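Subject: Structure for you to look at

Hello,

Here is the structure I promised to pass on. Please open it first, then read my notes below.

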Amino acid sequence: MARVSGVSGVVLVGDPVLYTRYGFCSNPHLTYAGVPHQYVLGLSCKEIHLCGEIQAHCAFEEAMQ
């Protein structure tokens, strides 16, 4: 769905065993504060290099508190 909708990529924090099946891979250039890099995964939908710090939507931050 992401590729069809035209997004550049998708990033998530999750279990690499599960998400690598779907094409996601860990990337030391993607970070999320307090999370080991192997759990920060990305999937590029275009010919771009995903990098940077992930910031969750405030709704997720409030749910974690």
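A definition to start: two strands count as paired if DSSP finds at least two bridges between them. Keep in mind that this is a predicted model.

Strand S4

Start with S4, residues 40-44. Four of its five residues are buried, so S4 is largely enclosed by the rest of the structure. S1 pairs with S4 over five bridges, in the antiparallel sense. Within that pairing, Val11 stands opposite Gly42 of S4. S2 also runs antiparallel to S4, joined by two bridges. There, Cys25 has Gly42 as its bridge partner.

Val13

Next, Val13 in strand S1, which covers residues 9-13. Val13 is partly exposed, because its relative accessible area is 45%, and that falls between the 20% and 50% cut-offs. Leaving out residues up to four places away in sequence, Val13 touches Tyr32, Val35, Tyr39 and Val40. Leu50 is 37 residues from Val13 in sequence, and their C-alpha atoms are 14 Å apart.

Asn27

Asn27 sits in the loop between strands S2 (25-26) and S3 (30-31). Is Asn27 buried or exposed? Asn27 is buried, because its relative accessible area is 13%, under the 20% cut-off. Its side chain reaches the backbone nitrogen of His29 at 2.7 Å. Asn27 also touches Val40, His49 and Leu50, again leaving out residues up to four places away in sequence.

Best wishes

How values were computed. Residues numbered from 1 in each chain as written. Predicted model: local features only at pLDDT ≥ 70, side-chain atom pairs only at ≥ 80, totals over all residues. Heavy atoms only, no water. Buried < 20%, exposed > 50% of the residue type's maximum accessible area, 1.4 Å probe, protein only. Contact = heavy atoms within 4.5 Å. Polar contact = N/O pair within 3.5 Å; in protein donor to acceptor, adjacent residues only side chain to side chain.
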